Amino acid sequence: VRPRLIAMQPWAATAARLALGAVWIAAGAAKAADLAASVRAVRAYRLLPESVVPPLGAALPFVEVALGLLLIAGLGTRLLGAVSGLLLVVFVAGLASAWARGLRIECGCFGGGGDVARGAAPGYGGEIARDSALLVVAAFLVWAPRSRWSVDTLVAR
Amino acid sequence: VTGKPREIAARRLARQRAAERRRTALIVAAVALVVLVAAAVVGVGVYHAQTGSPARVIVPRGGTSTGIVVGKPGATVTVDVYLDFLCPHCRAFEQASGPTLDRFVAAGTVRVVYHPVAFLDPSSTTRYSTRASAASACAADAGVFPAYLRALYVDQPPEGSAALSDTQLIALGRQVGATSPDFAQCVTSGRYRAWTAAVTDAASRAGVGGTPTVLVAGKPVDPPTTDALTAAIQTAARGG
């Protein structure tokens with residue numbers, strides 16, 4: 001069983017790369033389509049000083065798309081896994097904090113964001129669960145970044 | 001460490017290979033990091049190019065860069081209404097409490113500052129929130145903002161649809177008395193879209209995230225029922 005598992009690892013890492021990359025691209029592209037909304041979504045968490053809100057809200061969507069493209073190319077997989085994990089930890093912390101403070105905001109994870117409409121309930125639990133699952137995928141890539149179909153293995157020859 | 005010369009050579013070669021691989025991995029990681037930083041810089045640049053300078057925003061008649069003011073000059077109580085023309089709860093608020101507000105305005109007690117924000121642009125396929133807000137500024141120029149606001153809520157399109165076209169927005173204006181070609185031109189050219197963006201941004205900075213948000217003398221009335229609104233206005237009018 002052992003050797004077979006080891007043989008499977010590069011394929012599992014490839015799947016992890018492609019899945020995580022696709023999520024980043026989808027999330028980033030949706031936000032990049034309306035940067036003003038992305039800035040408002042960051043502001044709605046009421047965690048950061050106003051001076052850093054616009055640059056962060058504007059940069060984040062593009063960084064997410066770049067992360068996704070690099071992951072799919074497999075260029076610097078271990079670093080990308082670490083950066084992905086770091087971002088996800090920050091997102092989970094932000095969501096948990098908003099939940100704890102009783103803020104009624106939408107996460108803005110895939111664009112939009114800001115406060116939810118009156119009467120609608122924000123889905124903090126589901127969003128935290130999703131980000132935590134992605135965090136496991138990111139951690140796997142840090143632990144075992146070797147994968148098929150990647151620039152990393154191409155240049156390592 | 002001892003061994004035959006061939007083994008020593010093989011070990012040295014393996015060490016060299018490992019060092020090379022580490023260096024390659026480091027360079028690749030550096031390249032990835034540079035790409036990520038570049039993406040962040042691009043994002044900030046695009047945002048600045050899109051928002052431009054607030055000095056260039058054209059303000060409609062009777063308006064400011066954050067909203068449109070309705071009321072008599074001597075009014076003592078200011079009511080702020082943050083609304084989105086696509087938001088069903090804003091429609092419910094307008095239809096329930098609009099007449100009450102109008103009475104206070106007519107009596108000269110209240111001036112209402114309407115802030116038509118575009119929070120719900122992703123909820124239509126045509127950025128209806130922005131287009132309707134900009135059209136309402138055109139109606140302010142034509143002197144029919146309050147009637148146009150009511151008309152937009154009577155004909156409110158459902159969320160997720162293509163909503164009303166610019167032609168329909170112009171026809172609604174004509175119904176309430178905005179018959180000039182300038183109104184039509186104002187709507188089709190999107191003259192006040194930058195103003196809508198400024199209004200939306202100002203609302204977000206003021207801590208308003210959801211619509212409707214109603215403030216009486218700066219204090220939120222939540223939930224904004226007609227009774228709570230009336231009570232808050234009466235308290236504020238007494239100077240309380």
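Visitor: What share of the contacts in chain B with a separation of 6 or more comes from residues 24 or more positions apart?
Guide: In this predicted model, such residues account for 78% of those contacts in chain B.

Visitor: How many helices and strands does chain B have?
Guide: Chain B contains eight helices and five strands. Along the sequence, their pattern reads α-β-β-α-β-α-α-α-α-α-β-β-α.

Visitor: Is chain B compact or spread out?
Guide: Chain B is more spread out than a compact globule, because its radius of gyration is 28 Å, well over the 18 Å that the globule rule gives for 240 residues. Along the principal axes, its C-alpha atoms fill a box of roughly 105 × 45 × 35 Å.

Visitor: What percentage of the residues in chain B is buried?
Guide: Buried residues make up 42% of the 240 in chain B. As for the surface, the accessible area of the chain comes to about 12,100 Å², and 59% of that belongs to carbon and sulfur atoms.

Visitor: Let us turn to the sheet. In what order do the strands of chain B lie?
Guide: The five strands form an open sheet in the order β1-β3-β2-β4-β5 (chain B), with mixed pairing. At the edges are β1 (68-70) and β5 (219-220) of chain B, each of which pairs on one side only.

Visitor: Which strands does β2(B) pair with, parallel or antiparallel?
Guide: With strand β3 (residues 110-116) of chain B, β2(B) pairs in the parallel sense over seven bridges. Within that pairing, Val79(B) has Val112(B) as its bridge partner. The chain passes from β2(B) through helix α2 (residues 88-106) of chain B to β3(B), a β-α-β crossover that is right-handed. With strand β4 (residues 213-216) of chain B, β2(B) pairs in the antiparallel sense over four bridges. There, Thr213(B) is the bridge partner of Tyr82(B).

Visitor: And how many residues of β2(B) are buried?
Guide: Six of the seven residues in β2(B), which spans residues 77-83, are buried, leaving the strand mostly covered.

Visitor: Which strands does helix α4 of chain B lie across, and which does α8 of chain B lie across?
Guide: Helix α4 (residues 145-154) of chain B lies across β1, β2 and β3 of chain B and runs at about 110 degrees to β1(B). Helix α8 (residues 226-237) of chain B lies across β2, β3 and β4 of chain B, at about 25 degrees to β4(B).

Visitor: Where is Tyr114(B)?
Guide: Tyr114(B) is in strand β3 of chain B.

Visitor: Why does Tyr114(B) count as buried?
Guide: Tyr114(B) counts as buried because its relative accessibility is 6%, and the cut-off for buried is under 20%.

Visitor: What does Tyr114(B) touch?
Guide: Not counting residues up to four places away in sequence, Tyr114(B) touches Gly67(B), Ile68(B), Val70(B), Val81(B), Leu83(B), Leu101(B), Phe145(B) and Leu149(B). Tyr114(B) and Gly63(B) are 51 residues apart in sequence and 9.1 Å apart in space, C-alpha to C-alpha.

Visitor: Now chain A. Why is helix α2 of chain A described as largely enclosed?
Guide: Nine of the 10 residues of α2 (residues 35-44) of chain A are buried, so this helix is largely enclosed by the rest of the structure. Among the buried residues are Leu35(A), Arg40(A), Arg43(A) and Ala44(A).

How values were computed. Residues are numbered from 1 along each chain as its sequence is written. Chains are lettered from A and ligands numbered from 1 in the order in which they are written. This is a predicted model: local features need pLDDT of at least 70, side-chain atom pairs count only at pLDDT 80 or more; totals for chains, interfaces and linings use all residues. Side-chain values use heavy atoms; hydrogens and water are left out. Buried means under 20% relative accessible area, exposed over 50%, partly exposed in between (1.4 Å probe, protein chains only). Helices (H or I, at least four residues) and strands (E, at least two) are DSSP runs, numbered from the N terminus. Two strands pair if DSSP finds at least two bridges between them. A crossover is right-handed if, with the strands pointing away from the viewer, the path from the first strand over the helix to the second runs clockwise. The radius of gyration is taken over C-alpha atoms; the globule rule is 2.2 Å times the number of residues to the power 0.38. Contact means heavy atoms within 4.5 Å. Accessible areas come from the Shrake-Rupley method with a 1.4 Å probe; for residues, only the protein chains shown count as cover. Axes are lines fitted to C-alpha atoms, for helices over the stretch in contact, and angles run from 0 to 180 degrees between N-to-C directions.
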